[in-house]
Amino acid sequence: MTRPSLYSLTLALPLLIWQLAFFAVPLIFLIAISFWTVRNFQMMPDLNFGNWERILTRSVFWDAYLRTAILATTSAVLTSAIAFPAAYAISFKLSERVKQWLIFVLIIPFFTSYLVRIYALQVFLSDEGIINAVLGMLGIGPFGMLNTTFGTLVGMVTLCLPLVILLQVFSLNFVNRDLVEAAHNLRCGRLRTVLAVIVPSARVGLVIAALFAFILSFGDFVSPLYLGGGNPPTLSILITDITKSGQQWPRAAVVALMMIGTLLSVAFAAITYAYKERGK
Amino acid sequence: MNMQTQVISDAIVRLEGVVKKFGEFTAVERADFEIGRGEFLAIMGSSGCGKTTTLRMLAGLEDPSEGDIYLDGQRVNGKATWDRDTPMVWQSLALFPFLTVQENVEFSLKMRGVGKVERAQRARIWLEKMQILEFAGRNISQLSGGQRQRVALARALVTEPKILLLDEPLSALDAHLKVRMQAVLSNLQKDLGITFVYVTHSMSEAFSMADRVVIMSRGKIEQIGTPQEIYHAPRNRFVAEFLGSANIFTGKLVEKAGDVWQVETAHGRFAVKASQAVAKSVGDTLSFVVSAEKMQIGALGAGVAGIRARVVGEEFVGASAILFLETESGEELKVQKSHGELASIDLHSGSTLTLHWEPEACHVLPGE
Amino acid sequence: MTGNDNRLINGALKLHIAACVLFIFAPILGSFVFSLNSDRFPSLPLGQFSTEWYRLIWEDPFVWAGFFNTVIVGLIVAVIATVLGFGGAYTDFRYNFFGKNVYLALALLPPTIPVVIMGLAMLAFLSRVNLSGSAISIIIAHGVMCSPFAMAIIRLRLSQMDPDLEAASWNLGGNEWATLRHVILPFTKPAILAALFITMAVSFDEFAVAWFVSGLNETLPVKILGFLQGQVSPRINAIGSLAFLSSITLIILAQMLLRNSTKDRS
């Protein structure tokens, strides 16, 4: 291997150094402080497994863990299911111009504040809110939607839906149109072609879209807090609760690391599944 | 004008006044022809001539804008491709990459609700026939081009259809493999006795495999006939030029003496032997062709006109060579001769030759 | 339209798209409407039209200070993230080296880590190295989050470039630096400008609001955490709407730049 030139290093290193120093190191630092102790509201360097023991033996943590995992999984499945017919129609049924335009429209939500959107959703979902007012005019309700799991899921789907539709559209755009026609030609009807040909062809993209929905929902704290009521807590809420109570940063670090571990395992499993080869 | 060169007693496909438009663009201007049961029909033309669109209308992947298509006596306009029995082999082959070879072949059986055991059985028969049984469990990506071709054929044929549609299936193969697959396809079609409709831009593929050839250009059908008919009796200038080896002359018919006509051209007056099918009277303009191998070099016989032309190039074609010549008025002529015959002439670039031909060597284009 | 297509199904699918777009945009439009409404907790029927919330933020010196800080931070972050992102994109385009996957993962992963965890990690780390509590800490955090976006945009543009262009320039006597200046930079210029706008927009939206809402003198992660317990006033709608409008202006500018650059190619 030749020695890297000054030129290549000048271009490659700044980003590497920045992300190492301000992204990787803080995350590694998180591992370190998970073994520290807190005395008199001060963190002291240490090699103490007490924080891990304390968190991992608490049912509060495991309840939150399970709840968060179920919420995130539900959100990923729900969002994928809602997104797919839309993505399919955008990719297969619309003209190129409308397609481009819709993609642009779906990018817009990324540049709006999630907090602001959730606050607006509160207004929609609350007991005297807009949805219940509309339902009331029809003589139904009111339904308690705020501070429920339903509310949390509405928020999560709001967060994930544009991204999932876009990722699905991009993967569906790569589905070879000849394959769809070939399936039709071989007696495969409309719905069956979607299931037997389009979904397997776009599998990698569909799985990755669902994975992103899982990641976003798993780490989200705004929806569970503002639309779900925050009690019982999810893992993100647990982190903020722990940091607030007596500077217990080391314990919060343990929860955070458990979350990162979970996300990495899920991502690894999903990507392995997505790229799994058929045949010999 | 009547495009149909013969009436087919037992047609499996009939196209009646079929027109296909995509917005402003007319892909197929008017198609009227029949395809016989058990026939190998090639549709030939350069890209954009409407040949693939015609095939896709047969498959049910496009609907005609006007006219009717009959399959087995039944009008099929508007009928979905999955309700027809017209399997197609795609130019890209369109094999499902997420299924194994055998699963690809089983696909249409599965769609018809054939049980698992029977499916596997029938698929394996076809894999065996196509000599790819050993690859049954493989992924498509692990196969060579020729093997994929065979999978695509097996997949389309496994339901034993009466007709198979092929859209330039050999275009991705190298020259050597192409010739081998041509033989495979030819034999397959004869053995099965089913109809093949084969779209291609290659004259050699069409002429070596097909019973009849349809030549299309810009959405119009220029000629339908057997390879021999087309080769020896092109209908018009387009077909003659498409075949590539003909010299075309245009002139005025000045005298008819039985079937020997006198035609006055820019190069002089020529005697042309006309067939009875051409309806022209004295004073009409007509075009005739003389194929390159029927051109003769050298001294003129009595009463035979000749053309002087300068040699501008030479191309070897196996046992013979084609000379390219230019007349004084700048028109290109082609002469095909054996190497032996050419060696006896003092030949170099720039030498001037006298060319002539027998009246019997001429073919009057009926469509001009 | 062939027999393979069905008008009814296509119609239902298009309705579904419309429903999804409505669902996604209801909160965004709602926020606009609520920001112009007199009610603290709007419901149907809507209250009076009012610019009260805009007047309140207009008169709030903290909001103004926050606004200037956001703009300054946004500008600095945009430059840093674009410079870092350009280097990363060019490295990915040009070089293959041992550990490239690790390099790319490090460069691109930050947006996938939950904000709470990033906030916790950064706050813990930055306070340890005495970098917390200042605008610098915010710039650092935004630089980490924004550079992947800049890198992706510039990388896409580079993938449209014929790799032989660079070799041709070397062949004509330009050294690497001269080639970078006279070939690579002009070619990627539209993407670089787009990256500047988009990273600025990213820096603007989510964090800007958190910052406005929770005061000025704390670090970003603390603000986000603090925001969770603080009172949310309907002013958030007015601030959010303004932030959204400025973001979307930047995005449209970026979009126009990228559009024009693709036209150049043909």
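Modeller: Strand β11 (residues 246-257) of chain B runs antiparallel to strand β12 (residues 260-265) of chain B, and six bridges join them. Strands here are DSSP runs of E with at least two residues, helices are runs of H or I with at least four, and both are numbered from the N terminus. Two strands pair if DSSP finds at least two bridges between them.
Modeller: Before we go on, this is a predicted model: local features need pLDDT of at least 70, side-chain atom pairs count only at pLDDT 80 or more, and totals for chains, interfaces and linings use all residues. Residues are numbered from 1 along each chain as its sequence is written, while chains are lettered from A and ligands numbered from 1 in the order in which they are written.

Biologist: Okay. Which residue in β12(B) does E255(B) stand opposite?
Modeller: That's Q262(B).

Biologist: And what sits between β11(B) and β12(B)?
Modeller: Two residues, making a hairpin, and G258(B) in the turn has a positive phi of about 65°. Then β12(B) goes on into another hairpin, again through two residues, that joins it to β13(B). Strand β13 (residues 268-273) of chain B is antiparallel to β12(B), with six bridges between them. In that pairing, W261(B) has V272(B) as its bridge partner.

Biologist: New topic. Why does V151(B) count as buried?
Modeller: Because V151(B) has 25 other C-beta atoms within 10 Å. Buried means 20 or more other C-beta atoms within 10 Å of a residue's own, exposed means 12 or fewer, and partly exposed is in between, with C-beta atoms placed from the backbone. V151(B) is found in helix α4 (residues 145-157) of chain B.

Biologist: What does V151(B) touch?
Modeller: Leaving out residues up to four places away in sequence, V151(B) touches L95(B), V101(B), N104(B), V105(B), I132(B) and L143(B). Touching, or being in contact, means the C-beta atoms, placed from the backbone, lie within 7 Å.

Biologist: Now chain A. Where does helix α1 of chain A bend?
Modeller: At L20(A), by about 40°, within a helix that covers residues 6-33. The bend is the angle between axes fitted to the seven residues ending there and the seven starting there. Buried residues of α1(A) include W18(A), F22(A) and F23(A).

Biologist: And is helix α8 of chain A mostly covered or mostly open?
Modeller: Mostly covered: seven of the nine residues in α8(A), residues 177-185, are buried. Among them are E181(A) and H184(A). The cover includes α9 (190-201) of chain A, plus α1 (51-59) and β6 (88-89) of chain B. Just after α8(A), R187(A) takes a positive phi of about 80°.

Biologist: How many residues of chain C are in contact with chain A?
Modeller: 65 residues of chain C, against 65 residues of chain A. The largest share of the chain C side, 16 residues, comes from α1(C). That side divides into 45 nonpolar, 16 polar and four charged residues. Nonpolar covers Ala, Val, Leu, Ile, Met, Phe, Trp, Tyr, Cys and Pro, charged covers Asp, Glu, Lys and Arg, and the others, Gly among them, are polar.

Notes
Contact = placed C-beta atoms within 7 Å.
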